[in-house]
Amino acid sequence: MIHPIPPGTRDILPDEMRELRRLHRAMIEVFETRDYGEVATPSIEYDEVLARGDGRTAASAYRFFDERGDLLALRSDMTVPIARLVASRYADAEWPLRLCYLANAFRAVRPQRGQMREFAQAGVELIGAPAPAGTVETLDAAGLDRAVIGLGDADLYRQLLTELEVEGEARDAILERLATHDLVGLEVELSQAGLAAEQVDTCVALSQLRGGREVLDQARAIGGAAVERATARLGETFGALEERGVAERVRVDLGLLRDLGYYSGAILEVYDPAIGHVLGGGGRYDGLLKRFGIDLPAAGFALYLERVHVAQMEESRREEPS
């Protein structure tokens, strides 16, 4: 007799579980060699805490009442719980503070789109320092030699839409299209927001600019204060990556927008051509901790462990002699 499980969840059998455990250990070892200390937080948080951190993803959380009538929710990512943890337990710490984790998160999504309701993440959070760290080292530890990092700016389109006087639901709809990489829908939403054809063309053109440092010059040629600020920020980040000798694995992507609302400035997506999926992402969230009473710059990233595992297997299969 077959007893079904909810869509967007899965069982893991022994052989795969052994491989996943090896991947878990490799990632945590790399984090720890970079002085990141592993932490854990409850899977259940007060709904108010998650909403304070990011109202957008809190809307997709699984909610329920406890025996006292308090509204609880399953965490939908780890960054907000860690922001709560830092504000509560590390307010007097010496900065920067480096924390890492390996944990499951939960989101009320549409499984027919291939999204998971429960998924495992491994990630790092760097609190009190102006730049993220550990991305390339973690990818190397996972064995993803061909992984590429997409580099974008979370504030580019928010500030550009403000310049164009697009607010409210129209603004949210445009940002959602960007986050899902729906360029056809993006053009429709821009037109429905009342923008002139030239303005629509400008926004669409920006969203399709991808490549190396030359992309920043192409964007500046389009013009605008929002574009100038974003390209200046991205130029500094790209320069730092060049100094580390890893810029060849980075692609500037001005159409990149993460689906979490707390990001500010540089954002990252990690992907691998072996499977054609985003393996993880992150970025700066300099205003998030202020919502919990401690005003510090911060950045972090997380990898989806199941996708990393699939990419590993695909790379191993391609390396086998035919």
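Strand 6 (residues 118–127) is mostly covered, with nine of its 10 residues buried, where buried means under 20% relative accessible area, exposed over 50% and partly exposed in between (1.4 Å probe, protein chains only). This is a predicted model, in which local features need pLDDT of at least 70 and side-chain atom pairs count only at pLDDT 80 or more, while totals for chains, interfaces and linings use all residues. Residues are numbered from 1 along each chain as its sequence is written, and side-chain values use heavy atoms, with hydrogens and water left out.

Helices (H or I, at least four residues) and strands (E, at least two) are DSSP runs, numbered from the N terminus; two strands pair if DSSP finds at least two bridges between them. Strand 6 takes part in the pairings below.

| Partner of strand 6 | Sense | Bridges |
|---|---|---|
| Strand 5 (residues 97–106) | antiparallel | 10 bridges |
| Strand 12 (residues 298–304) | antiparallel | seven bridges |

Glu-118 of strand 6 is the bridge partner of Phe-106, and Ala-298 in strand 12 is that of Ile-127.

Ser-207 belongs to helix 9 (residues 197–207). Ser-207 has a relative accessible area of 0% and is therefore buried. A polar atom of the Ser-207 side chain lies 2.7 Å from the backbone oxygen of Val-204. Apart from neighbours within four places in sequence, Ser-207 is in contact (heavy atoms within 4.5 Å) with residues including Tyr-157, Leu-178 and Asp-253.

Cys-100 is buried at 0% relative accessible area, and Cys-203 counts as buried at 2%. With a disulfide defined as a pair of cysteine sulfur atoms within 2.5 Å, the count is zero.

Note on methods
Polar contact = N/O pair within 3.5 Å; in protein donor to acceptor, adjacent residues only side chain to side chain.
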